[in-house]
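Biologist: I am new to this structure. Could you walk me through how its helices pack?
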Amino acid sequence: MPSAGDSLAGLNREIVACRRCPRLVEHRERVAREKKREFRTQEYWGRPVPGFGDPAARLMVLGLAPAAHGANRTGRLFTGDRSARFLVRALYDAGFANQPTSERRSDGLHYRDLYLSAAVRCVPPGNQPLPAERDACRPFLARELSLLPELRAVLALGGFAWEVLLDEAARAYGVERPRVPFRHGACAPLGPGKPLAWAAFHPSPQNTNTGKLTAAMMTELLGRIRGSFDSGRPARQR
Ligand code: SF4
């Protein structure tokens, strides 16, 4: 929970300096030293990746963790890899982004009414944080949720982010944890006057290349979420 005087800027400084998980510190720094061949001339970020977006956002999108050669390279969530290309195009089409691409921190991308975050802030080996690493990192999310007062919806990408969201939202808002299983399009209320939790398949190449998640599915879901801002209730699936 945030203390008096806590701020998004202060929280993000704390996140970027964090070295709480020895395995992830070693991994993120090793990936940054060794690099991928196509990025060998670039300087990798190699640190925890903070949240990014509009402090007055009504929607938060919550990913799993930075990608090794995406956010761990560029220093910005969903930037510089194929998942980013899919997601940011969808966010642009839904009116949340000023441009359809997200390639580097200096590319001019701005989000409107949207804040991006991740359940774990350091790249994990094999995209799989250990339970202790998940638990060490997720209090950052509870503070972030409490520092975004206009939130009406949080969209978790994938089952891992969904479970962390339900846990930490219950903690941040002091409500009972919803018992709603993960599925694309799932929606759970987080308490009276609190945001709705939404779930989507993660936009990883594994899902988008196989058609498990299509651009139409993501656009439809983002449209339903926008619709819920007006009604305060989940819109029915079209
Ligand atoms: S995963 Fe989170 S808690 Fe662990 S070192 Fe990174 S920022 Fe810190």
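Modeller: A definition comes first: a crossing is right-handed if the near helix is turned clockwise from the far one by less than a right angle, and left-handed if anticlockwise. Please bear in mind that this is a predicted model.

Biologist: Which hand does the crossing of α6 and α7 have?
Modeller: The crossing of α6 and α7 is right-handed.

Biologist: At what angle do they pack, and how far apart are the axes of α6 and α7?
Modeller: Helix α6, residues 139-146, packs against helix α7, residues 159-173, at an angle of about 55°, and their axes are 9 Å apart. The two helices are therefore oblique to each other.

Biologist: Which residues in α6 and α7 meet?
Modeller: From α6, Pro139, Leu141, Ala142, Leu145 and Ser146 take part; they meet Val164, Leu165, Glu168, Ala169, Ala172 and Tyr173 in α7. The residues of this contact comprise nine nonpolar, one polar and one charged.

Biologist: And Ala170, is that buried or exposed?
Modeller: Ala170, which lies in helix α7, has 11% relative accessibility and so counts as buried.

Biologist: What is Ala170 in contact with, leaving aside its neighbours within four places in sequence?
Modeller: With those neighbours left aside, Ala170 contacts Val175, Glu176 and Arg177.

Biologist: A change of topic: how many disulfides are found in the whole structure?
Modeller: The search finds zero disulfides.

Biologist: Are the cysteines Cys18 and Cys21 buried or exposed?
Modeller: Cys18 counts as buried at 16% relative accessibility, and Cys21 is buried with a relative accessible area of 15%. The cut-off for buried is under 20%.

Technical notes. Residues numbered from 1 in each chain as written. Predicted model: local features only at pLDDT ≥ 70, side-chain atom pairs only at ≥ 80, totals over all residues. Heavy atoms only, no water. Axes fitted to C-alpha atoms, helices over the stretch in contact; angles between N-to-C directions. Helix = DSSP H or I, 4+ residues; strand = E, 2+ residues; numbered from the N terminus. Parallel < 35°, antiparallel > 145°, perpendicular 65-115°, else oblique. Contact = heavy atoms within 4.5 Å. Nonpolar A, V, L, I, M, F, W, Y, C, P; charged D, E, K, R; others polar. Disulfide = S-S within 2.5 Å. Buried < 20%, exposed > 50% of the residue type's maximum accessible area, 1.4 Å probe, protein only.
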